[in-house]
Structure formats: C-alpha cells, structure tokens
Amino acid sequence: MDLVTFGVQLLNAIQYGMVLFLVASGLTLVFGILGVINLAHGAFYMLGAYLAYWIATYTGSFLLAMVLGVAIAFAVGLVLENVFIRRLYGRDHLVQVLLSFGLILVIDEVREILFGKDVHAVAPPAWLSGSIQLTDNLSYPVYRLAICGFCLIVAALIFFVITRTKIGMIVRAGAENREMTRVLGIKFDVVNRYVFAVGIALAALGGIVIAPISTVFPGMGDGMLILSFVVVVLGGIGSVAGAAVGALLIGLTDTFGKVFFPSVSSILIYVLMAAVLLWRPNGILGRREV
Amino acid sequence: MVEAASNVALRATGLHKQFGGLRAVCDVSIDVHVGEIHAVIGPNGAGKSTLINLLSGELIANSGAIAVGAADITRLPPERRARNGLGRAYQKTTIFPKFTVHENVRLAAQARSPSPLRMFGHVRSDAAVHERTVKAIARAGLSSQTMIVADRLSHGEQRQLEIAMVLATDPRIILLDEPLAGMGQAEARGIIDLIASLKVDRAVLLVEHDMDAVFELADRLTVMHDGCVIASGSPQDVRMHPAVRSAYLGDHGDDA
Amino acid sequence: MRGWLIPVVLLAAALALPFVVPTYYVQFASKALIMGMLAMALNLAVGHGGMVSLCHAAFFGLAGYVLALMAPGYDPASLLLTLPAAVLASAAAALVIGALALRTRGVYFIMVTLAFGEMLFFLFHDTGIAGGSDGAYVNAKPEIAIAGHQLLDLASPLAFYFVVLAFVVATVALLTMLVNAPFGHALAAARDNERRARSLGFPIFRVRLIAFVLSGALAGIAGYFAAAQFGFVAPQMLGWHLSATVLVMVLIGGLRSVTGPLIGALVLIVLEEVLKASTDYWKLVEGFIIILIVLALPGGVRQLWPLIVGERSDEAPQSRARSPVAEGRHG
C-alpha cells in the first residue's frame, strides 16, 4: 500500500471514527445521566438520514435539511421522554431494553410508512463538494474533512456546556444525586427531557451528516447501534475520552480491515472488543477497580 | 488474656493502600486472636473502612500481607477469603431481602458445604446444611422469626440475621463493620450481647463508633488516624495514650 | 398440593392435542413448543440468573446451521449424531461469549452480548458458510436411527410434535431440578445480592458461566428443531431482533417461573399470527403492544391472574413474597 492510499484510508478512518464518536456520545449522555439504555438510539440515526434525504430533496438545501432534521429529532425526543422514557428511570435493564425495542419496531414501521423501504443517496451541499489538494499526490473530499471538523466542534461544544456552564453543572449534579437536586428546587423533569432530546438529536445529526457519503437504507440504524455500544464498551466505563479512543480504534479497524481482510472485515471489530475485554474488562480508559 | 501464637486467626502486616495521591491506609499491621474482640476506632477518614475492605477483599492492598490462620489471602478475591475462614458483616446490612430468614442463613450454610453448587437434589434435603442453619439462627436469637421474609424484619433484626449468616459459614475471623450504626438503645443492647457471645470460639474484629459499646466489648483496641495506627493495646492503655488523647478522645474529660 | 395440578392437566392436553385438531395446528403447536423452549432457556439466564442476554438467538441459530451443514444432501440426518453436535456448538459459543461477557456487569454485559451475537450473525451472513445471506436448506427432517435401522422418522408432523414435546418436558424437569438444587439457589443469591453472595464464599463467575452455558445449550436444542421444522436456515435466525423478541416472551411469562416462558411464547406467537393477518403494519402494532406490556405488566401475565380468577384467600401476602427460587415449579 503506497503512502497516498494509506493517507486516504487514514483520513477515512478518522472521519468514520468522528461520526461514531458523535453518535456514541449521544448514547453515553442518555445512559450516563439518565441511567437509561436506549436501544432505539440507532433508529434515530436512521431517521436522521432519511429526514436529511427527504428535506434535502424537497428543498434543495442540505443545510436546511440538517437544521430541520435536528430540530425535528429534538422535538420528537422531548415528546418521547415525556410519554415513555421517564417511566424507565430507576427501573431494571430488562424493562428498558424491551421498551426501547418496542420503540424500534414502531420507528421502523413509521419510517416505512413515510419513506418506504427504498435506499437513497443524498448529495452533499455544493460548497462542500469536490476535493481539496492536501499534498502533491493526495487529494481528499472536502465534505469528509468538513465532517471531521464539524464533529469535533459539536463534541467540544457539548463538553464545554457540560463542564463549564451552570446548566451542565445541574445536569451532572442530577446524575449523581437526584434527590438532593430536587430538594434544591431544580426542575429535574425538564432537565431530563432536554438531556434525552439532545442525546437522540446527536444520533440524528450523525445520520444527517453521514447521508451524503453513505447510502441511506433501512438497516443502517441497527449497525450504528451496535457500533455505538462497542465504542462505549471499548472506551471504558464512564469515560468520554475513552469513547473517543474507542471510536477512533473502531474507525481504524473497520477501514483498514476492509482493505486487508475484506471477507472478515465485519467481525474484526468484535475480535478487537474480545481482546480488550480480556485485557481490560473495564475498557481501555475505564476505572480499574469498580 | 491468653494469647497463644497458634491462636492468631487473622494477621495483617504492613498494609498500604493508595488512591491516586490519597494515602488511605499506611503501614497498618493488626492481628486478631481466637477468643478476643479486637476493636478498631478512629475519627472519620481515619482509614477504618479502607482497612476493613482490604481485609475482606473488596480492595486489594498496594503492599503488605494478610493471612487467615496459615493461609495467605493477600491477593485473593472475597469469595476465596470466605472459604478460607473469613466472614464479614457490612455497615449497610447486606442480606437477601426477598428470602426468608431461614433461606438467607441456609444459603450461607450451603456456601460452606462440600458441594455448594450441586445441581441435583432439593436444598431442603441436606441435613448437615439444615442443622448448621438452625443452629446459627438460634445463636443469633432469631428462631421465632425463621419464616419471616427478610425485608420485613426490623433494622436490628436484620443485623442479627446478617450475623447469623456469617456464623453459618463457620468463620475463624469475623469482621464487623459498624454493627451498631443507626440502632436505638434497646436494639443495640441485643446486638452488643450477641457480639460478645461471638468471641467464644472465634476471633472478632470490630470497627465501631459507639465508644460505650467499644469499651464494653473490646479486649484489645487499635486507634487509627489519617490512615496510620497511632496506638494499639488494652483499652485502658490506649485510653491513656497521649497521641490518642490529642488526636481522638480529646481532653473533654472522658475519664477512664 | 394444587401446585402440580395445572401442569398435569396441561401435559394431558398437550398429549391429546394431535388427536383432536387438524395437522396445521399440530405444526403450530410444535412451533410454539420450540419457541417456548428457547424462552425457557433464556429465562435460566435472565430470570433466574439475572443476566439480560441479547445473544441467545445466536445460540439458537448456530445449532440450526450445524444441522444444515451436517445434513447429508437429501437424506435425513441422524438425530442421534447431529443433535449432540448442534448442542455442543451452541454450548461452546455460550462458553466463549459468556466467559468474555461476564467480565463486565450491568448494561455493559447486555451490550457485549448484543455485540457478540451480531458477530455470529455476520459470520454466517458475510462469509460463504452455508450460503451466506441466502441461507441454506435442510432438505429432509432428521430421523432417529440406530445402526441403520430407522426408529422414528420426524417427517411425520405427529412424530415431530411428540419428540419436541418430550424435549420440552425434559427441559422443564431439568430446569425445575436446577432451580431447587443448591446450584439454583446460589444463582438466585448472585442475582439478588452479588456482594453478599460473594462474601459468603460462592464462586459467582463460575455459577453464572455454568448457567449461561446451560442456557445456551438448551437454546441450541430449540434451534435444532426449529431448523428441522422450517427446513431452512438463514442468518436472521441469529439476529438480535429475535433475541429481543424472546426476551419479550420471557417477560410476558414471568421471570421467576420455569414454565412461564412457555406461556409467554404461546401468547406472543399467537399475537404475531393475529397481527400479521390483520394489517400490513403489524410491526407497528406489535411495537406498541410490547411497550404497553412492559409498562403495565412488569411482572408478566401472572399479574393478571388475581384479576381473572380472584384473590385466593389462603394465599397470604407473605407467602407470595416468599423466595422466588423456593417456588421453583410453575404455580
């Protein structure tokens, strides 16, 4: 493999990892702060992609598709939290798994009713299409670079909000001691609603962002769901930096795996996870002792 | 107090435990003999909880050694330490809430039976396990509540249950982690008498804040402060120890 | 002593069934029994062991694939040879996956089982093993034969039904024995208070792994017969959507009982048949029903019992709070 190809694949791996990280952060946000495992997370990724396709096709603007798509996902998240998700707080995992599974069935069917079973392609915005010359021999699609930058910005934004702002402090406090914050008069129900909405909006954003470079198809949600889980398990219990590491590792494994071992590339990720579980059951950056 | 060397049920030497930059336990050595109650006291943050977790296996020491009888248990997980003769009661009563008193203690007795994971035969059919169960329940004073579901017991009764469970595993050394926490006077009396009765045929290490109970029960006393042992010996000697007086008992006129 | 009355009545009904209903219903009953067995297998891990697994379909499908791979062209495969092989494969997979997954706890365990289940799915989907995404056929039903003499040909729906029923009864007996034995109690202890179970001296990892492997093996038996009945195996048999569906069956039937999952399986299968016949958007309705069941009946269908048959006066609340493990048999 020559240096140029290697460079391209490396950039692909990073870009893929960035989107994974974006989606996985939404998952860890919901799980870490609300204590809810949401299997339907992948379904929102898929919904985001389908929404992007539909809105972009009807309005001709990818940017509008992104803004509207996120807004719709956020709104749906608010409603879902109010109706279903808040009944899952503090309940055992089996209940959470099954309720979110029921949601997947519903969302899948809604998608089929609205958009059908077809596979679609979405064009990237004109100002981001085309390639940029990185070195003498290496040119890379602008859009993919834009994704990397965009995901980094979003991740940094979330990190900033959670760790440096008052609302972020409330969110973190609630995750640690719900009773206390309620006594202090903070309207926790509202905060939880927003946290959940942000979580799945992130998933939808991932789907929107990836639509122009990947096909939009019905099964894409499942795949992303499981990858997000593997990112969280790999990266470590309770570690956002770990999720970034995990996402990057998966990006690298998957991208280079497809190049070198195409027939078994899809199971390489799980082999990686098995190896990490043997060596560090709490994840690469997870706490050593629980 | 006769202290025969062969009667040492638990011996810990030079235990160190660090959490990042925080030194929770530093160079702590302690031993407990069969037939005695050895109490560990100290202000909050002294390292008592860490010590008891190191002894029971919930935490692994950075350095040092722990032995139960002749067996080195320093690196063993909690379940292996239990099978080597160590029993522990927790500060927050840790029992099986949905099982009856009898079922709770029977589980403990089963854990020490020759085949604890036998796949055939009803649990009820094991006579040896049944006998150990009934004896332990009687010793803890819960015979009349044997069919009651555990989460319906009073706070004090649940503590008695936990001690019964520990007894049913027939341990050489029992670690008691603040057994009197949250107890009213009457309930505490019952527990104190129960604890006193335990030392007859085994060793007891007691971590406790209730000073009256400590001085009533303890044959030996160890005082911890900031992770280190600052005094150890008979209760009378420890009471007079200058370092202890200044660090813990203070000069509030607590006369011996 | 009425605890055994219901099971005996049900067993008698099951034995009589093929002689009173048309063949279609016998085949349907076989399918229900097979899924019921899968649900009972899963319940050993989930209900009795407290391990929520999302990969049991993989053990189910793997056994089916072993049959497909071992079946000799168009002749019937030997059950005495292929069934143990299939079960062994499932047990081996459960051993490896369990040993890795049990190094984690709580949600992470669920995620890891999901991931490994998918790994097995991709193994059969992406590689050329047994037809890849197209699947493979099991052309003839297996037969029970010794030294070339055929004792029982499972091609007959009646024979197939009774063989499956025999395995279901055996599974119920095995699980009941396990649950009442010291092993089952240790498993329940680990489920209800791991810290206490550990500090009493129970080897938690070993207990759980054994339960998980047994559970996988039993799922394999179900998968074998599913492949035999359907005559076809496809990667979807290993998919996690099936795993989740079986979890719903377990929830409906009640987590703490041994035979509850059989009822859960029957309810869900009948529900699916009715929905599929009623509307194109049956998945939507099923999704909502699942959500409703989860929210309204966390204790399973048995929560409805008192409403249907009326509160029994001789059953004091205390005895109902009794050890779920001591209850053991279906009550």
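How large is the area buried between domain 1 of chain B and domain 2 of chain B, and what percentage of it do carbon and sulfur atoms give? The area is about 1200 Å², and carbon and sulfur atoms give 58% of it, where buried area is the accessible area (1.4 Å probe) that two parts lose on being put together, summed over both. In domain 1 of chain B, the residues that lose the most area to domain 2 of chain B are Glu187(B), Leu194(B) and Arg202(B), together 35% of what that side buries.

This is a predicted model, in which local features need pLDDT of at least 70 and side-chain atom pairs count only at pLDDT 80 or more, while totals for chains, interfaces and linings use all residues. Residues are numbered from 1 along each chain as its sequence is written, chains are lettered from A in the order in which they are written, and side-chain values use heavy atoms, with hydrogens and water left out.

**Two domains in chain B**

Chain B is divided into domain 1 (1-85 + 173-256) and domain 2 (93-170), with bounds that come from an automatic or database domain assignment. The centres of the two domains, taken over C-alpha atoms, are separated by 26 Å. Contact, meaning heavy atoms within 4.5 Å, joins 18 residues of domain 1 of chain B to 12 residues of domain 2 of chain B.

**Chain A against chain C**

Between these chains, 40 residues of chain A are in contact with 41 residues of chain C. The area buried here is about 4000 Å², with 82% given by carbon and sulfur atoms. Leu94(A), Leu98(A) and Phe101(A) supply 15% of the area that chain A buries against chain C, more than any other three residues.

**Salt bridges**

A salt bridge is a side-chain nitrogen of Lys or Arg within 4 Å of a carboxyl oxygen of Asp or Glu.

| Salt bridge | Closest N and O atoms |
|---|---|
| Arg139(B) with Asp201(B) | 3.3 Å |
| Asp108(A) with Lys283(C) | 4.0 Å |

**A helix pair in chain C**

The axes of helix 6 (residues 157-180) of chain C and helix 9 (residues 204-230) of chain C come within 12 Å and cross at roughly 170°; axes are lines fitted to C-alpha atoms, for helices over the stretch in contact, and angles run from 0 to 180 degrees between N-to-C directions. Helices are DSSP runs (H or I, at least four residues), numbered from the N terminus. The crossing therefore makes helix 6 of chain C roughly antiparallel to helix 9 of chain C, a term for angles over 145 degrees.

Key
Helix = DSSP H or I, 4+ residues; strand = E, 2+ residues; numbered from the N terminus. Parallel < 35°, antiparallel > 145°, perpendicular 65-115°, else oblique.
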